[in-house]
Amino acid sequence: MRRLGNNKEVEGRGRASLVKLALVPVVVLTLGACDELLEVELPGAVTSEALNNPALAETLVLGVVGDFECGLSDYIWYPGMWYELFLNTSGGRPSALSGLRSQLIEVYADPCASGTGPIWTTMQVPHQQAVRAIDLLNSEDFSGVENKNSLLATAHLYQAYSVEHLAEQFCEITLAGGPRMSREDGFTRAEELFTQTISMAAGEPDLLAAAYIGRARARLNLGDHAGVLADASHAAIPEGFELVATYDTSPTRRNNQIAEGNHLNDGLMPASTYGCPSDAFNPCPHGVGLLTFASDGSTVADSGDPLIGAGFADPRVPVTIRGPGDLDQRGTMEYRLQWKYPSEGTPIPFSTWREAQTMIAEAHAKMGNGQGATDAINLLRTNNAGLPQEIDGSGWPLPLLTSTDLATITETALEERRRELWMHGVIFGDKLRNGYPVWEDSDEYGQAVADGRCLRIPFLEVTSNPNL
């Protein structure tokens, strides 16, 4: 498991080549000597100038990584209910607003892990932190910093992913208090940042692989399918590669919020389209949990919904019922558990070799090359390299796609991506890019929800940014 997160080793996985990274930037403040019990001299305010110290160059970049990791799980959670990845099972205001696609969600611009449903700052903060780190690293005062290129490449990589995530979720974006940008402008900016990362990442294979994968995704969203094939199939991406965001059981900022919300707090559960064929007010049968394949290996029914029926269960989307009659917080449905992130310390992959294969499949399909798409799909189904740590690879090989119908292959390529990258934070861009069928107009509880569409720039950003 390659990651640039913290210094906690994940058993049985490789380690990132950059450094052993800390959680967040830490400034050590020395307290005055204590003459009596509990007598301390409180430190004064720490100025920004005091932090602009070349000795803290690595700490600045660690802060970018730490803010990105903290933001990523919230980025997946709250908009995940808007985009029908999860079902809100609680009465809490932030989750309820997200689940109903209420415009009031736009005011939530709090820090990650605040519990208030942040949707905007989750990726804006690491972006801003990266801009600051890059500016300082490029300044004359930081000219003698050791491993400067590696630090710059890391900051650029996480800045690029932050911009890409924003562009995938929002109808429009703005960066660093700047002017309004279209989603296409956001993807173009992310592409530029990934390109800069590639130019700096010599000798840093993990950064290089992640940059090619990230740039392929930006190009996929821009419709540059030839560019996707060039990047996603690049030799710099080794088989089984993963870059993950790392988490821990404490402090709260370090929690995998998906596991916390699903396994500990019962605040959300996987949407019914992921492994559970229930209708509103119709609990899933106990033991039903995994999506299945059609006899020809395709995974999409004529309606565009995942095919549920007889066939081989897909272990990439592990969903189970907590127990017969064990209901959610609303007392209505049997509570569903996802098992991809069962612990607050489970990492979240966000740049992987397996994602690269799904992009190759989608690009080939959209270029009319059904065989190329089929080959990429079947490579994933016969090779369990790089599976997320909690996914059981013993079920491989999965059923092969044998259909020769281009429409079926194309639909299956999109569905393959949805299953492979479940809860990786890509479904938002995928839905908007591919014009998924009109999203549900009511949730499983029968509550009306707004029409499916992208998120708007939050009200607080609009009122505080003079360029909007």
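1. Does Val107 count as buried, exposed or partly exposed? Val107 counts as partly exposed because its relative accessibility is 36% (buried means under 20% relative accessible area, exposed over 50%, partly exposed in between, with a 1.4 Å probe and protein chains only). Val107 belongs to the loop between helix 3 (93–99) and helix 4 (121–137); helices (H or I, at least four residues) and strands (E, at least two) are DSSP runs, numbered from the N terminus.

2. The model is predicted: local features need pLDDT of at least 70, side-chain atom pairs count only at pLDDT 80 or more, and totals for chains, interfaces and linings use all residues. Residues are numbered from 1 along each chain as its sequence is written, and side-chain values use heavy atoms, with hydrogens and water left out.

3. Helix 13 (residues 427–434) is largely enclosed by the rest of the structure, because seven of its eight residues are buried. Among them are Ile427, Phe428 and Asp430. The buried residues of helix 13 pack against several helices, including helix 2 (57–82) and helix 5 (148–169) (contact means heavy atoms within 4.5 Å). Gly435, which follows helix 13, has a positive phi near 55°.

4. Most residues other than glycine have a negative phi, and most peptide bonds are trans. Glu84, not a glycine, has a positive phi of about 65°, and it counts as buried at 18% relative accessibility. Asn147 likewise is not a glycine and has a positive phi of about 60°, but Asn147 is partly exposed at 47%.

5. The peptide bond from Ser250 to Pro251 is cis, with omega near 0°. The bond from Trp396 to Pro397 is also cis, with omega near 0°.
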